[in-house]
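This briefing describes the architecture of a two-chain model, with its points grouped by topic. Please read it alongside the sequence and coordinates shown below.

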Amino acid sequence: MVVDADEEVFEMNNGCICCTVRGDLIRILSGLMKRADKLDAIIVETTGLADPAPVAQTFFVDQDVADRTKLDAIVTVADAVHLSSQLTDHHEAEEQIAFADVVLLNKIDLVDENGLEVVKQRIKKINPFAKIINTTKCGVPLNEVLNLDAFSLKRVLEVEPDFLKSDHDHEHDDDVTSLSFVSDTPLDMEKFQDWFTKLLQTKGQDILRTKGILDFTGESDRYVFQGVHMLMDASPMGKWPKGKERSSRLVFIGRNLETMNLKEGFENCKSA
Amino acid sequence: MKADLNNFPQLNKTKFENRGKEFRLGIPVINAVTVGNSIAVGFGDGTVRIFSSGKSSEPIKAHKGIVLCMAKDGDHILTGGDDGRFLRISLDGNINEISNFGTRWVDHVTSKNGSVVCTSGNIVYLWMPNKKEPKLLEHDSTIGGVAFDSKGRKLAVSRYGGVTLWKKDYSNKWTSSDLIWKGSHNKVIFSPDDRYLVTSMQENQLHFWRLKDKIDSAMSGYGAKVKSFAFVGDSKYLATSGANDAVCWPFDGDGPVGREPICLPYVGKQLVTFVESFPNENAILTGLSDGSVYLSEIEKANNTIIIRSFTEFEVSAIAVTDDCSHLLIGDMGGNILWTSIWDEEKN
């Protein structure tokens, strides 16, 4: 079944300026959920110039949609030939890479090995989480793009961000970048919450996605969180695995990250 | 140990269930409208059924997907579906396709005095009486709801950012003015006395405008979206869903500004999902998220009787026949109760 709709971004009247949702999506999902025959999955195909944040936020902000559906994953198709120029010309392209759980790097038959590597590095610099799958004509097994459960906290534990070895790649100055922090010193929960809450309140518009596994002083459980802009899902997720070092890791994907004193803020959260 | 039946959940069948007819159709009930002494029900498989006293109801295959919206049009009903069809259906099941929008949904329908309206996307399609071609009224965003006033001279169209109020002058020309309030507005209704316009919003609140002086205000404090609301009597109260209580705002005198609503509580802390006024009385029928339905007098605390016990599925439709002899209750699990209201009546 195919449904047509016009893209409509709604601002929510909840005092949060980055809290936008897609009205067309709410309307259509509400309708689909009333159907007698149950659907296996709903695939939302946006235009190439759509901002993915309101689409993702709809699944958390609208109570009816949140109660009856689950955002499975964001899959972005990137053109291996043209991605570099698209990233330069359209900020939407950067955002679509930044929000992706899976990037289908398509048309790889049309670039050489070196060109492919350059594009991959550029994607990884924007988004170290996304699983990059090389494709021609988007040929990919369905289980690589459906039923990924990418927004569950459990999945955050399983994903090892693919950090870049070289931190200072200034070949391209993309607006959207990622920064990651690791600490073997446990964090102070109160200090962290203070810092993080303020950070999201003031800079949430520029912080696109965050994920983290945190080791708090005096807590036996791992704390896991993941967020889209200011929306955050966080929970203790069981004991640390035996024989594995406890450590905190935190990743930000966003714009102007270098202006947020993230390193300093994170360092200040370490228990004295 | 014995269950205390005075408390939730009500396990015993009510007298209305015992003497009425129950249908377990397993298809979500989307909407119901009264046409005389019959009640038309739209379902989540695209079918419509007509319930009336002494007649069995056969499914009418109206739409392919679901019956998104439904309204009374004289002695017919109008329906819109996610198959893009806008239909006029007679009570004996004759279907007339007024228009077809293909893969675009028909989101809202209404009619008044022979004028017929449907909306698809951001456009209102308005058929004036005896006109073959519709007049198109375009808006900046997708339409959340439409309503005529009691005379059919005003058409309120809710949307993102407020309501567009269309007025027909005596040369039958339509002109519009804007009622602005930030946010996305969904269902819209006029008060029966045409003095007020009320919308429900994407946020958990309602908004109203007093039309004579354009004074407007929010009605907030709800725990959930307010999907169902109805004026009681001649606009004395606005009964609303979206909370554990049925919240009834006073709209007599100068309206609800600065006044407290009357909150009718129900046992079990369920969410009120549907409200309908009870004709000719200062009373409402309240449907809850567990399927139970109550009849409550607004100004008399404790004067509530149970009409239907719980079914586990949220109440999605309540309608009373014009002669006030029968009522119909439907829920999202596809359970329907059709029952006489007064003790001496037979089904």
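In this predicted model, the domain assignment divides chain A into domain 1 (1-71), domain 2 (72-172) and domain 3 (175-268). The secondary structure of chain A amounts to nine helices and 10 strands, and its radius of gyration is 19 Å, close to the 19 Å that the globule rule gives for 272 residues, so chain A is as compact as a globular protein of that length.

**Chain A as a whole**

- Along its principal axes, the C-alpha trace of chain A spans about 55 × 50 × 35 Å.
- Of the 272 residues in chain A, 33% are buried.
- Among the contacts in chain A with a separation of 6 or more, 75% are accounted for by residues 24 or more positions apart.

**Domains 2 and 3 of chain A**

- The C-alpha centres of domain 2 and domain 3 of chain A are 22 Å apart, and the contact involves 16 residues of domain 2 of chain A and 16 residues of domain 3 of chain A.
- On the side of domain 2 of chain A that touches domain 3 of chain A, the elements giving two or more residues are α5, α6 (113-126) and α7 (153-158) of chain A, and α5(A) gives the most, with five residues.
- By class, the residues on this side of domain 2 of chain A divide into 11 nonpolar, two polar and three charged.

**The parallel sheet of chain A**

- Three strands of chain A form an open sheet in the order β3-β4-β5, and their pairing is parallel; the edge strands, each of which pairs on one side only, are β3 (75-79) and β5 (131-134) of chain A.
- Averaged over this sheet and with direction ignored, neighbouring strands are turned by 25 degrees against each other.
- Strand β4 (residues 102-106) of chain A pairs with β5(A) in the parallel sense over four bridges, and the bridge partner of A:V103 in β5(A) is A:I132.
- Helix α6(A) lies across β3, β4 and β5 of chain A, and runs at about 160 degrees to β4(A).

**Helix α2 of chain A and its packing**

- Nine of the 10 residues of α2(A) are buried, so this helix is largely enclosed by the rest of the structure; the buried residues are A:P52, A:A53, A:P54, A:V55, A:A56, A:Q57, A:T58, A:F59 and A:V61.
- The axes of helix α2 (residues 52-61) of chain A and helix α5 (residues 91-99) of chain A come within 9 Å and cross at roughly 40 degrees.
- This contact is made by A:P52, A:A53 and A:A56 on the α2(A) side and by A:E95, A:Q96 and A:F99 on the α5(A) side, and by class its residues divide into four nonpolar, one polar and one charged.

**Antiparallel pairing in chain B**

- Four strands of chain B form an open sheet in the order β2-β3-β4-β5, and the pairing is antiparallel; its edge strands are β2 (29-35) and β5 (60-61) of chain B, each pairing on one side only.
- Within chain B, strand β3 (residues 38-43) and strand β4 (residues 47-52) run antiparallel and are joined by five bridges, and the bridge partner of B:I39 in β4(B) is B:F51.
- Strand β11 (residues 115-120) of chain B is mostly covered, with five of its six residues buried.
- Strand β10 (residues 108-112) of chain B pairs with β11(B) in the antiparallel sense over five bridges, and β11(B) is also joined by five bridges to strand β12 (residues 123-127) of chain B, with these two strands running antiparallel.
- The residue B:C118 in β11(B) stands opposite B:V109, and B:C118 also stands opposite B:Y125 in β12(B).
- The hairpin of β10(B) and β11(B) has two residues between the strands, and B:N113 takes a positive phi near 50 degrees there; the hairpin of β11(B) and β12(B) has two residues between the strands, and there B:G121 takes a positive phi near 65 degrees.

**The contact between chains A and B**

- The contact takes 18 residues from chain A and 24 residues from chain B.
- On the side of chain A that touches chain B, the elements that give two or more residues are α1 (23-32) and α3 (63-68) of chain A, and the largest share, four residues, comes from α1(A).
- This side of chain A has five nonpolar, five polar and eight charged residues.

Terms used:
Residues are numbered from 1 along each chain as its sequence is written. Chains are lettered from A and ligands numbered from 1 in the order in which they are written. This is a predicted model: local features need pLDDT of at least 70, side-chain atom pairs count only at pLDDT 80 or more; totals for chains, interfaces and linings use all residues. Two residues are in contact if their C-beta atoms, placed from the backbone, lie within 7 Å. Ala, Val, Leu, Ile, Met, Phe, Trp, Tyr, Cys and Pro count as nonpolar, Asp, Glu, Lys and Arg as charged, and the others, Gly among them, as polar. Axes are lines fitted to C-alpha atoms, for helices over the stretch in contact, and angles run from 0 to 180 degrees between N-to-C directions. The radius of gyration is taken over C-alpha atoms; the globule rule is 2.2 Å times the number of residues to the power 0.38. A residue is buried if 20 or more other C-beta atoms lie within 10 Å of its own, exposed if 12 or fewer, and partly exposed in between; C-beta atoms are placed from the backbone. Two strands pair if DSSP finds at least two bridges between them. Domain bounds come from an automatic or database domain assignment.
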